[in-house]
Amino acid sequence: MPELPEVETIRESLTAIRSATIAGVEFGTFTGCIDGREPADFQRLVTGCRVKSIGRRGKYLLLGLSSGDTIAVHLRMTGELTIADAGTPLSPHHHITFTFNDGRELRFRDIRKFGRIRLLDHADLAALDRSLGPEPLGRDLTFDRFVTMLRQRRRAIKPLLLDQTFIAGIGNIYADEALFASGIHPLRPAASLDEREAKLLLNAIRQVLTGAISRKGTTIRDYRNGLGQPGTNQDHLQIYRRDAGDPCPRCGAPVLRLIVAQRGTKLCPACQPPA
C-alpha cells in the first residue's frame, strides 16, 4: 500500500540513522525479501558500511552507503521499516534486522512477504532511475511536459497514473483522490484531456500528495512510519474510502465503484462525467 507520501514520510523518519554504521545484519526464517543476490553476500557487502543518505525515488526507499552502493527497499503491500532499540521484542512477521554501531536497529517486517530489498551499484541505481517516470512533485515535471506526456498516450487516465514508468509514486489511493479533485473520470483516454483539464489534474496530484505528506501518510491498516507511528491522512480522503452508494462529499450523488486496471476505483458520476 505505501505510495509516495507514505514512503516520503518513512524517509523523513529514517534520517535519524544517517551517519550510523551497519554493524551486522540478521535474518529471520524468510530471506526471500533479499532480491538479486544471496542473503550471505548481501550481509557481507553492507556490514561495516556507513549510511550516508536516505533518499526516495517513486515508491523506493534508497539508503546510500559509504561503499558507494545503495540499499533499495520497495515495501509493496505491507512492508514496514522501523527503528527500534536493541532488545525491544520483535514484532510478528519480522524478517531482517540491521544492527547499528550505536545499538539501534532498523527492522523490516512484512505480513504478505511481497516487499523486496536489493543492493544496487551505481549502474543498477541509474537503471532504476531510468525505469521510472518523473517525480510528480519534482521541478522537471513542468506543465508543458505533462501535457505532452498525456497527448502521447491513448490509455485510460487512471491506469496511466498507476504506471510507474509514466509517473513515479502514485498508487490507487492518490489516483482516485486526484481524479476526483480534478473532476476527471478514471476511464477518460489520457489524450482526450484538454489543457485546462491537464492543469486541473496536475494541480490535484500535487495537492493530494503534499497534503498527505503533511499529515504523515494514510494509515488504513498496516502503514506506519519509521518510528512506528500511523499517519492521519485517512481522515481527509474525499472519495477513496467511500462505499458504493455513499453520497459524494461535493454534490451528494451516489458514489460508484468500478474495477479499473484490476483495482477498485471510486468516483462520482456527476462530478466526474465520462466525457
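Strand β8 (residues 104-110) is joined to β6 by 7 bridges, and the two run antiparallel. Strands here are DSSP runs of E with at least two residues, helices are runs of H or I with at least four, and both are numbered from the N terminus. Two strands count as paired if DSSP finds at least two bridges between them. Within this pair, Thr82 has Arg107 in β8 as its bridge partner. The model is predicted, so local features need pLDDT of at least 70 and side-chain atom pairs count only at pLDDT 80 or more, while totals for chains, interfaces and linings use all residues. Residues are numbered from 1 along each chain as its sequence is written, and side-chain values use heavy atoms, with hydrogens and water left out.

The pair belongs to an open sheet of 4 strands, ordered β1-β7-β8-β6 with antiparallel pairing. Because β1 (22-27) and β6 (79-85) stand at the edges with a single partner strand each, one side of each is left without a neighbour in the sheet. On average, neighbouring strands of this sheet are turned by 20° against each other, direction ignored. Helix α2 lies across β1 and β7 (94-100) and runs at about 165° to β1. For such angles, axes are lines fitted to C-alpha atoms, for helices over the stretch in contact, and the angles run from 0 to 180 degrees between N-to-C directions; contact means heavy atoms within 4.5 Å.

A further open sheet has 5 strands in the order β2-β9-β5-β4-β3, with mixed pairing. Its edge strands are β2 (34-35) and β3 (51-57), each of which pairs on one side only. Strand β5 (residues 70-74) pairs with strand β9 (residues 116-120) in the antiparallel sense over 5 bridges, and Thr70 stands opposite Leu120 in β9. Two helices lie across strands of this sheet. Helix α2 (residues 39-46) lies across β2, β4 (60-65), β5 and β9, at about 55° to β9. Helix α3 (residues 122-131) lies across β3, β4, β5 and β9, at about 125° to β9.

Some of these elements also line a pocket. A pocket is found on a 1 Å grid over the protein atoms alone, as an open set of points where a 1.4 Å probe fits, with protein on both sides within 12 Å along at least five of seven lines; lining residues have an atom within 4 Å of a point. The second largest pocket has a volume of about 160 Å³, a volume being the space filled by probe spheres set on the points, which are joined across faces, edges and corners. Its lining includes Asp35, Tyr60, His74 and Asp124. The elements that give two or more residues to this lining are β5, β9 and α3, and β9 gives the most, with 4 residues.

Another antiparallel pair is formed by strand β10 (residues 256-260) and β11, over 5 bridges. Val260 stands opposite Arg263 in β11. The hairpin has 2 residues between the strands, and Ala261 takes a positive phi near 55°.

The largest pocket holds about 690 Å³ of space. Of its 31 lining residues, the closest to the centre are Met1, Met77, Asn172, Tyr240 and Arg263. Two or more lining residues come from each of α6 (172-182) and β11 (263-267), and β11 gives the most, with 4 residues.
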